[in-house]
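Colleague: Could you walk me through some of the strands here? I'm still new to this.

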Amino acid sequence: MGEKEGTKELGIYLHIPFCVRKCLYCDFLSAPAPLQKMEEYVEAMARELREESFLYTDYSVKSVFLGGGTPSLLPGDSVKRILQTLRRHYRIKEDCEISIEVNPGTVSPEKLSSWREGGVNRLSIGLQSASNTELKALGRIHSEEDFLNTYHDAVKAGFNNINVDLMFGIPGQTAESYGETLQRVLSLNPAPAHISAYSLIVEEGTPFYENTPELPEEETEREMNKITGEILSCHGYNQYEISNYARPGYECIHNQIYWTRGNYVGFGIGAASMVENIRFQNTASLEVYLDYYLKRKREKEVKSERQVLSQKEQMEEFMFLGLRMTKGVCGEEFRRLFGASIDQVYPGVVEDFEKKGLLVRGADPDTGEERISLTPFGMDVSNVVMSQFIFL
Ligand code: SF4
């Protein structure tokens, strides 16, 4: 597309729903599939990207995120092909963050260099744990050795913006073994630019839900969360969101779009979009998606109705997404968007949480405007705080 940049900004999410096999805790939209299905899917996605592009001619794309599933499982040059289609039909900013989720053991040096050529500049590698026993308990396909090979191949291919995903609350995990995982990740050379650490949630419909293994005590999980912050801050990482830590300048642009309620559009099955406060979602059915884009059948089923968010819904999202970030939410921005202050819309709520030590008011270092954010204690019980910003 031409050089002139659109005035508005957009994030693009591309869902790749394929995995080698299902992990025991996974409720993401993903499944194993033969090579041919993956190739058909890439073809369908390229068509979706082309056909929808006229809707976004006013926008400049500042982030692209290939998530899944396991996007790194896509064969050969598929990722490059998807990115070429994007560049032809969308305004991609020069400094656009282009991330891909990678599972250890599913990449080769050839794939990595093909992604680099395609413009990928950020990798997110799902390690979860450096203990092979814990990985096995999760039903992951890889070992720590697979991770190390993938990581070093990625560094050799020239990637310097790498996230490593970790998990705590794994069956059989202790605070010591989790600390060991953290230390092993930090001893990588070079250490990753970004680390995400999420706790394991047992979701309905997963093998873990049907047959829940013994999990670490809640107290142990809290301890794991605490040591994440302590160890990572000693190593120069800033916690910028409840579960995300980055070296300065390496905060994930794509995720920040979600937390600040920026515009994003999703392609591929199950992908959700929110553009100018209108939400919509693609079908979760691979069959429907392929039938529509490859055979022109089942048009009505491929995209959901567009849902315009009410002002109340926008306010709720502003609060519970914004408070996920350590910098919190800006009071003036709330007033500019909604014509009333946070205290007027949620009388007494912030004050009450301030007294309990869960929220704190402060001034934005750049603008001086008031910001409200979670305290470290508030982060521990963030669900309780967020729930008070939902209108009943
Ligand atoms: S690799 Fe990720 S998406 Fe795939 S099954 Fe495991 S948890 Fe789910």
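Modeller: Gladly, and let me begin with a term: two strands count as paired if DSSP finds at least two bridges between them. Please keep in mind that this is a predicted model.

Colleague: Which strand do five bridges join to β5?

Modeller: That is β4, made of residues 122–128, and β4 and β5 run parallel. Here Gln-128 is the residue that stands opposite Leu-166 in β5.

Colleague: Why is β5 largely enclosed by the rest of the structure?

Modeller: Strand β5 spans residues 162–168, and because six of its seven residues are buried, the rest of the structure largely encloses it.

Colleague: Switching topic, what is the order of the open sheet of three strands?

Modeller: The order is β13-β15-β14, and the pairing is antiparallel. Since β13 (329–330) and β14 (359–363) are at the edges with a single partner strand each, one side of each has no neighbour in the sheet.

Colleague: How many bridges hold β13 and β15?

Modeller: Two bridges connect β13 with β15, residues 370–374, in the antiparallel sense, and the bridge partner of Val-329 in β15 is Ile-372.

Key: Residues are numbered from 1 along each chain as its sequence is written. This is a predicted model: local features need pLDDT of at least 70, side-chain atom pairs count only at pLDDT 80 or more; totals for chains, interfaces and linings use all residues. Helices (H or I, at least four residues) and strands (E, at least two) are DSSP runs, numbered from the N terminus. A residue is buried if 20 or more other C-beta atoms lie within 10 Å of its own, exposed if 12 or fewer, and partly exposed in between; C-beta atoms are placed from the backbone.
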